[in-house]
Amino acid sequence: MDQIKIGKFIASCRKEQGFTQSALAEKLGISDRAVSKWETGKSMPDSGIMLELCDFLKINVNELLSGERIMVESYDKRTEENLLAMKREIEEKNRQLLRTEYFIVLPAVLAGIVLVFVASFIAMPAWLRVAILVLALVMIFAVAFIAVGIEQKAGYYVCQNCDHRYVPTYWQTNLAWHAGRTRYMKCPKCGKRSWHTKIISI
């Protein structure tokens, strides 16, 4: 999707309807800065606000995502193109989330290992040794919980028995045995337990 084109289209439609950026933002319950970012192509409206925005601008979502008015004869084709573009965008966001997981986990685990090493091999008072070990464990566990949250939100898991793709709850993901991003869980469709693989797209 061409965010610059979409932004210019939003600005044009807003002016056609006689809204200032502030007035449109107020109707949507957001800041005028957010509207400005849309119109300059720096960001896109969230999916949760798109229908309301389109209603105010007197356009449909397909036209919004295309950045132009769409003739009836080309409507279906543009819908398909927009859906594919959105799918690619979601997949890229999921990949970025999973990359973020590595950037969070690796430094924290290394720092935890260093703290354990320091507490184990350097002479210090017993209370300080215990405090450093507790700090290391708390840091590692806290980061592990954050990492699982990131992994759970990005993409889907697929059941090896029935190929069902789904997003488990945070605690289902967190409490499951795992090897990397493959987790041993119960499938909500077939009810069988197996190793479920993480995938980015559905």
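So, helix H6: which of its residues are buried? In this predicted model, the buried ones in H6 are Arg78, Asn82, Ala85, Glu91, Asn94, Leu98, Glu101, Ala108, Gly112 and Ala119. And what do they pack against? Those buried residues of H6 pack against helix H5, residues 61–66, and against H7.

Let's check the length of H6 while we're here. Count 1.5 Å a residue, and the 47 residues of H6 should span 69 Å. If you try the sum yourself, remember that the expected span is 1.5 Å times one less than the number of residues.

Okay, on to aromatic rings. How many aromatic pairs does the structure hold? Five. One of them is Phe117 with Phe121, a tilted pair, with 4.9 Å centre to centre and 45° between the planes. Why are those two separated by about one helical turn? Because they sit four residues apart in helix H6, which runs over residues 75–121. Are they buried or exposed? Phe117 is exposed, and so is Phe121.

Now another pair, Phe145 and Trp171. This one is edge-to-face, at 6.1 Å centre to centre, with 70° between the planes. Phe145 is in helix H7, residues 126–153, while Trp171 is in helix H8, residues 170–175, so the pair ties together parts that are 26 residues apart in sequence. As for how open Phe145 is, its relative accessibility is 37%, so it counts as partly exposed.

Together with Leu137, Phe141 and Leu175, they make a nonpolar surface patch of about 590 Å². The elements giving two or more residues to that patch are H7 and H8. Which one gives the largest share? That's H7, with three residues.

Last stop, Val167. Find the loop between strand E2, residues 165–166, and H8, and you'll see Val167 there. At 43% relative accessibility, Val167 counts as partly exposed. What does Val167 touch, leaving aside its neighbours within four places in sequence? It is in contact with Gln152, Gly155 and Tyr156. And if you look at Ala154, 13 residues away from Val167 along the chain, the C-alpha atoms of the two are separated by 8.8 Å.

Notes. Residues are numbered from 1 along each chain as its sequence is written. This is a predicted model: local features need pLDDT of at least 70, side-chain atom pairs count only at pLDDT 80 or more; totals for chains, interfaces and linings use all residues. Side-chain values use heavy atoms; hydrogens and water are left out. Rings of Phe, Tyr and Trp (its six-membered ring) pair if their centres lie within 6.5 Å; planes under 30 degrees apart count as stacked, over 60 as edge-to-face and the rest as tilted. Buried means under 20% relative accessible area, exposed over 50%, partly exposed in between (1.4 Å probe, protein chains only). Contact means heavy atoms within 4.5 Å. Patches are made of residues with over 30% relative accessible area and no salt bridge: like charges are joined within 9 Å, nonpolar side chains (Val, Leu, Ile, Met, Phe, Trp, Tyr) within 5 Å. Accessible areas come from the Shrake-Rupley method with a 1.4 Å probe; for residues, only the protein chains shown count as cover. A salt bridge is a side-chain nitrogen of Lys or Arg within 4 Å of a carboxyl oxygen of Asp or Glu.
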